[in-house]
Amino acid sequence: MFGLQSLPKKCDFNRIAVLTSGGDAPGMNAAIRAIVRTGHSEDVDIFGIQRGYSGLVEGDVRPLSTRAVAHILQRGGTILKSDRCDAFRDPAVRWQAVEQLRDAGIEALVVIGGEGSLTGAMLMQQETGFPVIGLPGTIDNDIYGTEDSIGFDTAVDTALGSIDRIRDTANSHDRLFLVEVMGRNSGFIAAYAGIAGGAEFVMTPENQFDPDWLYDELVKSHRAGKSSSLVLVAEGAVPGRTQALAQSLIERGLEPRVCILGHTQRGGAPTGHDRMLASYLGAMAIRHLLAGDSNIMLGIARHQLVQVPLTDVAGKSKTLPPGVTDLAAVLRRSI
Ligand code: F6P
C-alpha cells in the first residue's frame with residue numbers, strides 16, 4: 001500500500017496544472033507538494049491554479065517550484081485556495097477554462113475536490129478532450145468509488161477531540177448533549193467519530209431518528225442508570241436539523257445542550273494518514289497522466305490504488321454501509 005508504482009510513459013507532457021476545489025480538506029497541501037515534486041522528478045513543470053475553477057476561468061495560473069511547496073505538508077487548508085464555482089456549471093465557461101489552460105501551454109490538469117468538483121472535471125474533459133485526473137478531497141468521505149478521501153481521517157480526529165471534551169462536561173453535569181458534525185449527504189464523520197467517541201446515538205442522513213423513539217430510548221437509558229448521553233448528528237442537507245431535534249426533545253421535557261462543531265472540522269494539521277494518502281495519490285496522479293490515463297479519479301479500495309472513471313463518480317454519492325450504523329447501535333448498549 002502507498003508505494004510508488006512505475007507505469008510506462010506514453011505522454012510527453014511538459015506542463016501540468018493542479019487546482020483545489022470545493023470545501024478545503026486537510027491534506028490538500030500534501031497532495032499539491034507531491035504533484036509538484038513528482039512532476040519535477042519527471043521533468044514536467046507544474047503550475048498552480050488559484051481559487052479552484054474561478055481562478056481557472058480567469059487564467060490565474062502560476063508556476064510552482066519545488067521550493068514553493070516546502071513546509072506545506074503539515075499545514076491544513078490549501079495554499080492554492082479553494083472556491084465553489086457555480087459558473088462552472090455552464091459549458092461555455094468550461095470551454096473558456098480550457099482556452100485559458102491552452103493559452104498558458106498547460107497540457108493536463110489534476111483536480112482535487114469532492115463530487116461536485118470531479119463532476120465539473122468530467123464534463124470539461126468530455127466536452128473539450130482536455131486530459132484531467134481527479135483526486136478525492138473532502139472531509140465528508142462521500143465520494144463514490146473510493147473508500148477514503150483526503151481530509152476525512154483528520155476531520156474525524158478533530159471531531160473526536162471535541163467529543164471527548166464534551167463528554168467530560170456532560171458527565172460532570174449529568175447532561176444530554178446533541179453534537180452536530182459535518183456531512184451533508186452522508187454520515188461518515190458522525191458514525192466514525194460517534195463510534196470512536198462512545199456516543200450513545202448516531203443520527204446520519206442515511207439513518208434518521210423519530211424524536212419519539214429517541215425520547216423513549218433516552219428515558220429508558222436514564223432509568224437504567226445512565227446519567228449523561230451524547231447524540232451525534234450529521235448536519236444533513238437542511239440547515240437547523242440538530243436545533244429542530246433539540247426542540248422536539250425540549251417539548252417532551254428534556255433539557256439537551258447543543259454543540260455545533262462546524263468548520264473547526266475542516267481546519268488544522270492533517271493526520272499522518274491523510275499526509276500519506278495525499279502524498280501517494282498526488283504522486284500517482286502525475287504518473288498516470290504521463291502514462292496516458294485521464295478522465296479518471298484515483299481512489300483507494302481494499303488498501304490498493306484504484307482508477308475510477310469520472311463518469312462513474314459524477315452525480316453519485318457514497319452512503320454509509322448499514323454495518324457501521326449497526327456497530328454504533330450495538331456498542332451503546334450499556335443498559
Ligand atoms: O466540504 C464538505 C463540507 O464541509 C460539508 O461537510 C459541509 O456541508 C459543507 O462543506 C460546508 O460548506 P461551506 O464551507 O461552503 O459552507
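What percentage of the 335 residues in the chain do buried residues make up? Buried residues, meaning those under 20% relative accessible area with a 1.4 Å probe and only protein chains considered, make up 55% of the 335 residues. The structure is a predicted model, in which local features need pLDDT of at least 70 and side-chain atom pairs count only at pLDDT 80 or more, while totals for chains, interfaces and linings use all residues. Residues are numbered from 1 along each chain as its sequence is written, and side-chain values use heavy atoms, with hydrogens and water left out.

**Overall form**

The chain has 11 helices and 11 strands, taken as DSSP runs numbered from the N terminus (H or I of at least four residues for helices, E of at least two for strands). Its radius of gyration of 22 Å agrees with the value near 20 Å that a compact globule of 335 residues would have; the radius is taken over C-alpha atoms, and the globule rule is 2.2 Å times the number of residues to the power 0.38. Along its principal axes the C-alpha trace spans about 70 × 40 × 30 Å. Among contacts with a separation of 6 or more, 77% are accounted for by residues 24 or more positions apart, where contact means heavy atoms within 4.5 Å.

| Helix | Residues | Length | Expected span | Span between end C-alpha atoms |
|---|---|---|---|---|
| Helix 9 | 272–290 | 19 residues | 27 Å | 28 Å |

In helix 5 the buried residues include F152, V156, L160, I163 and R167, and the buried residues of this helix pack against strand 6 (176–181), helix 6 (188–196), strand 8 (229–234), strand 9 (257–260) and helix 9. Helix 5 is followed by D174, whose phi is positive, near 50°. Helix 9 is largely enclosed by the rest of the structure, because 14 of its 19 residues are buried; just after helix 9, G292 takes a positive phi of about 90°.

**The segment before strand 1**

G3 lies in the segment before strand 1 (15–20) and, at 36% relative accessibility, counts as partly exposed, a class that falls between the 20% limit for buried and the 50% limit above which a residue is exposed. Although G3 and Y280 are 277 residues apart in sequence, their C-alpha atoms are 7.3 Å apart in space.

Notes:
The expected span of a helix is 1.5 Å times one less than its number of residues.
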